[in-house]
Amino acid sequence: MAKVLFKREEVIEHAIKLFGQHGYTGTSMQQIIEVTGLQAGSIYHAFGNKEGLYKEALKQYSDKSIQRITRVVEAAPNVQLGICSALEDIIDASMAKDYCSCFLLKTQIELAASDTSEDGLYAFSLKRLAQTEELYKSYLQVQYDSEESAAKATSIMLHIFGLRVYGYQKKSAQKMRAGLVQGLPWLPWSNPHN
């Protein structure tokens with residue numbers, strides 16, 4: 001059996017960027033070959049097919065997002081300030097020249113009508129976003145009951161979706177922060193960015 005002679009995580013990172021720019025249907029196998037530097041056989045052997053690579057890309061993207069949220073929230077003096085910092089990070093990321101919005105959200109928008117299977121990419125992206133919402137809920141349960149934590153976590157996710165789309169339009173960071181302060185008044189917006 002042939003050995004795998006590439007760094008899987010790096011290949012997936014290249015795929016995230018490619019799929020993030022062109023979407024699932026807009027990305028060809030030839031583009032994947034060019035961006036990853038792998039031959040088609042290596043891609044099929046390692047990931048099964050384009051859908052398998054895409055699913056691995058979604059998984060790696062969401063794992064890193066959850067790790068980033070966890071790191072930011074747990075480094076803060078309290079959960080609410082940590083959530084403010086996590087939201088500020090999204091604003092800061094949206095100001096980057098190469099910003100490409102949220103890979104999970106873009107997957108939902110692209111595949112909502114066409115990918116209806118229970119184990120398809122659309123369903124997989126929904127599950128991954130639900131994990132992020134559940135993470136916020138678990139942090140909020142330190143201060144609020146389960147019902148209120150769930151509602152606040154949903155509100156955070158709605159604001160994140162808005163930031164991801166609004167930021168893609170290169171709107172001003174100050175305008176986005178003002179929208180967060182208005183929409184999430186229960187958070188302590190004492191960040192020096194304000």
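## T132, tucked into α7

T132 counts as buried because its relative accessibility is 7% (buried means under 20% relative accessible area, exposed over 50% and partly exposed in between, with a 1.4 Å probe and protein chains only). You'll find T132 in helix α7, residues 121–140 (helices are DSSP runs of H or I with at least four residues, strands are runs of E with at least two, and both are numbered from the N terminus). Leaving aside neighbours within four places in sequence, T132 is in contact with I66, I69 and M157 (contact means heavy atoms within 4.5 Å).

A word on the ground rules: this is a predicted model, where local features need pLDDT of at least 70, side-chain atom pairs count only at pLDDT 80 or more, and totals for chains, interfaces and linings use all residues. Residues are numbered from 1 along each chain as its sequence is written, and side-chain values use heavy atoms, with hydrogens and water left out.

## The chain as a whole

The chain has nine helices and zero strands. Its C-alpha atoms fill a box of roughly 55 × 35 × 35 Å, taken along the principal axes. Of the 194 residues, 45% are buried. Take the contacts between residues at least 6 apart in sequence: 69% of them join residues at least 24 apart.

Helix α5 covers residues 79–94, and its 16 residues should span 22 Å at 1.5 Å a residue; the end C-alpha atoms sit 23 Å apart, which agrees (the expected span is 1.5 Å times one less than the number of residues). At the start of α5, a side-chain oxygen of N78 comes to within 3.1 Å of the backbone nitrogen of Q80. Buried residues in α5 include V79, G82, I83, L87 and I91.

I83 and L87 turn up again in the largest nonpolar core, which has 54 residues; together with F19, F103 and Y136 they have the most contacts inside it (such a core is a set of buried Ala, Val, Leu, Ile, Met, Phe, Trp, Tyr and Cys residues joined through side-chain atoms within 4.5 Å). Helix α4, residues 50–75, gives the most to this core, with nine residues. Beyond its neighbours within four places in sequence, I83 is in contact with V73, Y136, L140, I156 and L187.

K50 belongs to helix α4 and is buried, at a relative accessible area of 16%. The K50 side chain reaches the backbone oxygen of Y24 at 2.8 Å. Leaving aside neighbours within four places in sequence, the contacts of K50 include F19, Y24 and I32.

T107, in helix α6, is buried with a relative accessible area of 0%. A polar atom of the T107 side chain lies 2.8 Å from the backbone oxygen of F103. Outside the four places either side in sequence, T107 is in contact with Y54, L58, A112, L121 and S125.

## The largest pocket

The largest pocket has a volume of about 760 Å³. Of the 30 residues lining it, Y61, R68, S101, C102 and R164 are the closest to its centre (a pocket is an open set of points on a 1 Å grid over the protein atoms alone, where a 1.4 Å probe fits, with protein on both sides within 12 Å along at least five of seven lines; lining residues have an atom within 4 Å of a point). The volume is the space filled by probe spheres set on the points, which are joined across faces, edges and corners. Helix α4 gives the largest share of the lining, six residues.

Notes. Polar contact = N/O pair within 3.5 Å; in protein donor to acceptor, adjacent residues only side chain to side chain.
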